[in-house]
Amino acid sequence: MELRCTEQINIQAFRSQLVSWFYHNQRDLPWRENRDPYRVWVSEIMLQQTRVDTVIPFYLNFMRQFPTLTALADATEDEILKAWEGLGYYSRVRNLQTAVREVVSEYGGVIPNTREEISSLKGVGPYTAGAILSIAYNKAEPAVDGNVMRVLSRVLLIDEDIAKAKTRKTFENELYELIDPEDPSAFNQGLMELGALVCTPTSPGCLLCPVQSECGAYKQGLQNELPVKSKKKKAIPKQMAAFIVKNKKGQFLIEKRSEKGLLAGLWQFPNFEIFQADSKQELEQGLKAEYGINAYTYSDSVQKIEHVFSHIIWNINVYEAEAEEAITTKETPLRWVTEAELETFAFPVSHQKIITHSIRGE
């Protein structure tokens, strides 16, 4: 398949068709109310690896709690993790707060408007930098995400594997030639919107596409073969046991995860890997070894949860247990809390399900 570059299409026609379509068809999204760079920044971080419909309520809640850079900079880690609870990829919000604090302290609370400066901030990669610079500051900078790569793979007949990191540079180079210098904000958002609404991964709506006349894949009937994307490795399953441990006061035992690694800093119920489901001996010995708990466990699980990460699948059996005290053998802290107090802690989605189903009975 021959690489088709921007020199082989009518660039001016492509720009005008795309920008006009965007202004007439863009979705009404809360971060599009204005071009405030902070609002754009928060939305772009949230939208990484998360669907728009999922993000909207989280975004609205987050902006209510932290409406300004200063509000976010001054928040505690527990506050930002609780506000992010359910979105996943919690390193995103930690990095965001670190970067915001730097903007407040080093840039006087003004988000930088050059690629060099904004790219130096924690968690701001090439895409996020390009999105903020183009959408908020209307600078002719590329913002290459999955939607953009899919659209341009088809329009320009680019058959490089979009799952490979090095391929992004190909699209960035093409975009520097293709982007509309008069309205880069609408142009970049138009590419993203086109990929989300029309030029979809399967069954693209070619007959509705505003840039159909410039699309190489449509002309050659290759829209279902592009983009080229290699498959990810299969996630590895892991059998886990999680415990609803109660004392005579009716309090629940929770622990805080390590500040590094998967789901860092979140709270959870005691848990560990198991090798024989519903083995009362293994469960009680595990609680003793991992947490210093002398507990009575009920050997039948009360809930089963599957939680899929990119590289691992947690198959969690949830058990109830009774104990008087817990003296941790780990570095992570343990705490006895009431059911009402559970609401104040940030839990990963899998453990939120334990609260909802096995504790509240919803």
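**A predicted chain, from pocket to core**

Of the 21 residues that line the second largest pocket, Leu-87, Gly-88, Tyr-89, His-307 and Phe-309 lie nearest its centre. This is a predicted model, in which local features need pLDDT of at least 70, side-chain atom pairs count only at pLDDT 80 or more, and totals for chains, interfaces and linings use all residues. Residues are numbered from 1 along each chain as its sequence is written, and side-chain values use heavy atoms, with hydrogens and water left out.

A pocket here is an open set of points on a 1 Å grid over the protein atoms alone, with protein on both sides within 12 Å along at least five of seven lines; a cavity is a set of points where a 1.4 Å probe fits but cannot get out, and lining residues have an atom within 4 Å of a point. Grid points are joined across faces, edges and corners, and a volume is the space filled by probe spheres set on the points. The second largest pocket holds about 470 Å³ of space. Helix H6 and strand E6 (303–308) each supply at least two residues of its lining. By class, that lining divides into 10 nonpolar, 10 polar and 1 charged, where Ala, Val, Leu, Ile, Met, Phe, Trp, Tyr, Cys and Pro count as nonpolar, Asp, Glu, Lys and Arg as charged, and the others, Gly among them, as polar.

The chain as a whole contains 14 helices and 8 strands; these are DSSP runs numbered from the N terminus, helices being H or I of at least four residues and strands E of at least two. Its C-alpha atoms fill a box of roughly 75 × 50 × 35 Å along the principal axes. Of the 362 residues, 50% are buried, a term that means under 20% relative accessible area, against over 50% for exposed and partly exposed in between (1.4 Å probe, protein chains only). Contact means heavy atoms within 4.5 Å. Among the contacts with a separation of 6 or more, 68% join residues 24 or more positions apart.

Helix H8 (residues 126–136) has 10 of its 11 residues buried, so it is largely enclosed by the rest of the structure. The buried residues include Tyr-127, Thr-128, Ile-132 and Leu-133. Their cover includes helix H2 (37–47), helix H7 (115–119), H10 and helix H11 (184–197). After H8 comes Asn-138, with a positive phi near 55 degrees.

The largest nonpolar core has 98 residues, of which Tyr-38, Trp-41 and Phe-62 touch the most other members. The largest share of this core, 7 residues, comes from H8. Such a core is a set of buried Ala, Val, Leu, Ile, Met, Phe, Trp, Tyr and Cys residues joined through side-chain atoms within 4.5 Å. Leaving aside neighbours within four places in sequence, the contacts of Trp-41 include Leu-69, Val-103, Ile-111, Thr-128 and Ile-132. Apart from this core lies another, of 14 residues, among them Phe-243, Leu-253, Ile-274 and Tyr-319.

The largest has a volume of about 110 Å³; of its 15 lining residues, Arg-154, Cys-199, Cys-206, Cys-209 and Cys-215 are closest to its centre. Helix H9 (residues 146–155) gives the most to this lining, with 3 residues, and the lining comprises 11 nonpolar, 3 polar and 1 charged. The second largest cavity has a volume of about 40 Å³, and Trp-41, Ile-45, Arg-92 and Asn-95 are among the residues that line it. H2 and helix H6 (91–106) are the elements giving two or more residues to that lining, with H6 giving the most, 4 residues.

Helix H10 (residues 167–178) contains Thr-167, which is buried with a relative accessible area of 1%. Its side chain reaches the backbone oxygen of Asp-161 at 2.6 Å, a polar contact being a pair of N or O atoms within 3.5 Å; within protein, one must be able to donate a hydrogen and the other to accept it, and residues adjacent in sequence count only if both atoms are side-chain atoms. Not counting residues up to four places away in sequence, Thr-167 touches Glu-160, Asp-161 and Ile-162. In the loop between H10 and H11 lies Pro-181. Pro-181 and Glu-141 are 40 residues apart in sequence and 9.1 Å apart in space, C-alpha to C-alpha.
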